[in-house]
Amino acid sequence: MDKRKLSEKERLEYRKKAKLVFRERADYFASSMGLSFNRIAIREQRTRWGSCSSKKNLNFNWKLLLAPPQVLDYVVVHELCHLKQMNHSKAFWTEVEAVLPDYKERKRWLRENGAGLMNI
């Protein structure tokens, strides 16, 4: 992805696509993890890739569509694991690792490249 800013039309198209992609990935992983959630909201946060509320609502930043698919999946799994552990304890990371044994590589990619995506 080049460093240009997206037009409002492009942003809206990405948000529309994000609704479908995040729903599909969250449904897939929630099913395999034996979890359920309420709703998914697509946002454009400046500092967050995703969040999970105590009401079992999931929020995702549409800009994750610009990351590799395995990174998007990492964020989805990360937020779903918060349905079991509403913290970042050892137990939480054990849940993430059970689903994505290579989560540390995916997390590292996001840490190293995420700022560039946030600035699009």
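Analyst: E44 is partly exposed, at 32% relative accessible area (buried is under 20%, exposed over 50%, partly exposed in between; 1.4 Å probe, protein chains only). K63 is buried, at 3%. Their side chains meet in a salt bridge, 3.6 Å from N to O (a Lys or Arg side-chain nitrogen within 4 Å of an Asp or Glu carboxyl oxygen). K63 sits in the loop between β3 and α2, and E44 in the loop between β1 and β2, so the bridge ties parts 19 residues apart in sequence. Helices (H or I, at least four residues) and strands (E, at least two) are DSSP runs, numbered from the N terminus.

The model is predicted: local features need pLDDT of at least 70 and side-chain atom pairs 80 or more, while totals for chains, interfaces and linings use all residues. Residues count from 1 along each chain as its sequence is written, and side-chain values use heavy atoms, without hydrogens or water.

The whole structure has seven salt bridges. K84 and E95 form one of them, at 3.3 Å, N to O. K84 lies in the loop between α2 and α3, E95 in α3 itself, so this pair links parts 11 residues apart. K84 is partly exposed at 39%. E95 is also partly exposed, at 23%. Elsewhere, shared partners join R11, E44 and K63 into one salt-bridge network. E24 and R25 pair too, at 3.3 Å, N to O. E24 is partly exposed at 44%, whereas R25 is buried at 18%.

Now the packing. Residues of α2, including Y74, meet residues of α4, including W109 (contact: heavy atoms within 4.5 Å).
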